[in-house]
Amino acid sequence: MTVRYLKSGKSESDRESDNEKVVQIVADTLKKIEQEGDAAVRELAIKFDNYAPESFLLSKEDIEAIIAKVSPEDMEDIRFANEQVTNFAKVQLASMSDVEVETLPGVILGHKNIPVQSVGCYVPGGKFPMVASAHMSVATAKVAGVPRVIACTPPFNGEPNPAVVAAMHLGGADEIYVLGGIQAVGAMALGTETIAPVHLLVGPGNAFVAEAKRQLFGRVGIDLFAGPTETMVIADDTVDAEMCATDLLGQAEHGYNSPAALVTNSEKLANDTLAEIERILKILPTADTASASWRDYGEIILCDSYDEMLAVSEEKAYEHVQVMTDRDDWFLDNMTCYGGLFLGPRTNVSNGDKVIGTNHTLPTQKAGRYTGGLWVGKYLKTHSYQKILTDEAATLVGEYGSRLCMLEGFVGHAEQCNIRVRRYGHKDVPYGEAASRG
């Protein structure tokens, strides 16, 4: 069995080196926001976005005026996408239940799913205003029952992007700020004189936004540690090179460092896809970005078998994995490490990114080995509770607890159990000793 790379991208160490370049910039910027608040946010907004309105917060009247700029046709599409994401989030929420069970006579254990009380949603602007990210973050938070959802997005061409603002508003955002980059993420997490801090940050962003979320993790929760968009196409000779090349470049256009890989057991498909990529790059309007990504991060991996194709995918654990083979359901049954899975030639990553209803904020950089992506459950905290209803139960559990605490040397812990054995079981347990058996 052999795995061959017909084309390789940058090594993982090179990618890590690229990421390290932003760490100090982000640390200094967050410190500035924490110390100077609104003044720092305004200074950064002018520096990076050349944008400094009287207030970054949009009023109700502002929102109405901005949304009025969206054409009826575009609003129809935005509403459709919002409905798909919302509907699937509702189905997911319905699958999560509070539980309560009597594990022993008189001993009640349970858990409750409680919404996070405030969430900050970042919706990127940059080269492409990410309308869909508003559905993915704001709408799902509201389905989960989050009381306060604020949303930030940078200005686009010097003003709020109407389509993004419309999607945020439709999703149910309680506050909308036209604010981007580190200053937006920092303000939401740390708080300023005019922006109350949140408990959880979600949403994709560039390397600086991702690093800011990483550094803020602990002070606030985050959805996941995000890197550049990744896509993998797993294909055999049941599909053609044009489709494979199109699907690879469709994600490579995200940025200059977006990995895209074809994993196949067909050498002909591999070579034909290489040729198709070169052809499409000559006519693709976003070729400047896509070609750089493909040059530095594109890979063509040739395998001998489907088992090898699966093994490569599991090891790389890419964000998007598109499977187009004669055994798509076999991959579904056997794959364990990925962000989102797209099965069959009729399915594609763009549908998942924009409209189909699943969330597009997904784990990257092998994080799919230990976490899934953003979904309604990310906004819920599962809290356990316990209660003992009878003297007999308090005595029974207390006696076991006393002995196990003393086994570990925790005398104070044991006394928490012992005092209840004495009071509710009416048993004489010497202070600082383990409760006896029987």
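Visitor: Leaving aside neighbours within four places in sequence, which residues is glutamate 319 in contact with?
Guide: Pro228, Thr229, Glu230, Tyr338, Gly339, Gly340, His360, Leu362, Pro363 and Thr364. Contact means heavy atoms within 4.5 Å.

Visitor: What kind of model is this?
Guide: This is a predicted model, where local features need pLDDT of at least 70, side-chain atom pairs count only at pLDDT 80 or more, and totals for chains, interfaces and linings use all residues. Residues are numbered from 1 along each chain as its sequence is written, and side-chain values use heavy atoms, with hydrogens and water left out.

Visitor: Where does UniProt put the "active site"?
Guide: The unreviewed entry places that feature at Glu319 and His320. Such annotations may be inferred rather than shown by experiment.

Visitor: Is Glu319 buried or exposed?
Guide: Glu319 is buried, at 6% relative accessible area. Buried means under 20%, exposed over 50%, and partly exposed in between (1.4 Å probe, protein chains only).

Visitor: And where is His320 found?
Guide: In strand β12; strands are DSSP runs of E, at least two residues, and helices are runs of H or I, at least four, numbered from the N terminus. His320 is buried too, at 1%.

Visitor: What does the His320 side chain reach at 2.7 Å?
Guide: The backbone oxygen of Glu230.

Visitor: New topic: what is the phi of asparagine 157?
Guide: Near 55 degrees, a positive value in a residue other than glycine. Most residues other than glycine have a negative phi. Asparagine 157 is exposed, at 70%.

Visitor: What about glutamine 365's phi?
Guide: About 50 degrees, also positive. Glutamine 365 is partly exposed, at 43%.

Notes
A polar contact is a pair of N or O atoms within 3.5 Å; within protein, one must be able to donate a hydrogen and the other to accept it, and residues adjacent in sequence count only if both atoms are side-chain atoms.
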